[in-house]
Amino acid sequence: MIVNRISDVALTVGIITIFCTFRSVEFGVVFSLAPFFAGLEINFWGSRAELLNVISILLLLGAMGKSAQIFLHTWLPDAMEGPTPVSALIHAATMVTAGVFLIIKCSPIFEYADTTLMLVALVGGLTAFFSSTVGLVQYDMKKVIAYSTCSQLGYMVFACGLSAYNIGLFHLMNHAVFKALLFLSAGSVIHSLSNEQDMRKMGGLSKLLPVAYAAIGIGSLALIGFPFLTGYYSKDIILELAYSQYTLHASFVH
């Protein structure tokens, strides 16, 4: 609750700042007026800062909480105590993708804020690396998949930081499919083992649960970007984009 309140406050202040600047919160009005405010500086906490940078950083903080980016990610693994079908919905369709979608939707503002774009890419890259590393040492089956979601959200966010919003949305859609498959398959395994989630107590289930075994295998291959599965087409192109851009944050990310 506390982590989400931090991002909620930032998002609320961002929306208030947008309203005070543009006298509207409608996307069409704000996006059409954004170019006229590019480079405009304001007094922000005793120092000079570009208005659109301030707005986009506040929106980024809101997105970091909603999409479980580094420093504001802790709520997501803890949310794994809920029912597995609910976890599948949260990770695939609704909640954790909201922050990424916010950045994509507000891309006309972010494109005029160079400093924030660099921050978006750095936050996404750090999250992708950090979460995947933490996921390696988890033994709760659902927490492993939860940390992998954090990592994939990092991919989507740093794609947005490289101004490839369409690729970020493409990966968001692909991720929804294979992550729902993984969670529902994990739920099947957990239910079959009388609600046991500790992977250290599992093994040799391929003969007992052949369908779940095959489904988790396919979902895992898609997640790691195995050729000709969904993850391959979106993850690979994000990495190629990072390699093709010779900026500081793109170099850091790849």
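This is a predicted model: local features need pLDDT of at least 70, side-chain atom pairs count only at pLDDT 80 or more; totals for chains, interfaces and linings use all residues.
Two packed helices are described by the angle between their axes and the distance between the axes. For helix α1 (residues 2–22) and helix α3 (residues 51–66), the angle is about 150° and the axes lie 7 Å apart. Angles over 145 degrees count as roughly antiparallel, and α1 is therefore roughly antiparallel to α3. The crossing of these two helices, α1 and α3, is left-handed. On the α1 side, the contact is formed by Asn4, Ser7, Asp8, Ala10, Leu11, Val13, Gly14, Thr17, Ile18, Thr21 and Phe22. These residues meet Leu51, Leu52, Ile55, Leu58, Leu59, Leu61, Gly62, Gly65 and Lys66 of α3. Divided by class, the contact of α1 with α3 comprises 11 nonpolar, seven polar and two charged residues.

Strand β1 (residues 41–44) and strand β2 (residues 47–50) run antiparallel and are joined by four bridges. Within this pairing, Glu41 is placed opposite Glu50 of β2, and Asn43 is placed opposite Arg48 of β2. The two strands, β1 and β2, form a hairpin with two residues between them. In the turn, Trp45 has a positive phi of about 55°.

A further helix packing involves helix α10 (residues 165–192) and helix α12 (residues 230–244). Their axes are 9 Å apart, and the angle at which α10 and α12 pack is about 150°. With this angle, α10 is roughly antiparallel to α12. The crossing of α10 and α12 is left-handed. Helix α10 contributes Ile167, Phe170, His171, Asn174 and Phe178 to the contact. From helix α12, the contact includes Thr230, Gly231, Tyr233, Ser234, Lys235, Ile237, Ile238 and Leu241. The residues of the contact of α10 with α12 comprise seven nonpolar, five polar and one charged.

In summary, the pair α1 and α3 packs at about 150° with axes 7 Å apart, and the pair α10 and α12 packs at about 150° with axes 9 Å apart. The crossing is left-handed for α1 and α3 and left-handed for α10 and α12.

How values were computed. Residues are numbered from 1 along each chain as its sequence is written. Side-chain values use heavy atoms; hydrogens and water are left out. Axes are lines fitted to C-alpha atoms, for helices over the stretch in contact, and angles run from 0 to 180 degrees between N-to-C directions. Angles under 35 degrees count as roughly parallel, over 145 as roughly antiparallel, 65 to 115 as roughly perpendicular and the rest as oblique. A crossing is left-handed if the near helix is turned anticlockwise from the far one by less than a right angle, and right-handed if clockwise. Contact means heavy atoms within 4.5 Å. Ala, Val, Leu, Ile, Met, Phe, Trp, Tyr, Cys and Pro count as nonpolar, Asp, Glu, Lys and Arg as charged, and the others, Gly among them, as polar. Two strands pair if DSSP finds at least two bridges between them.
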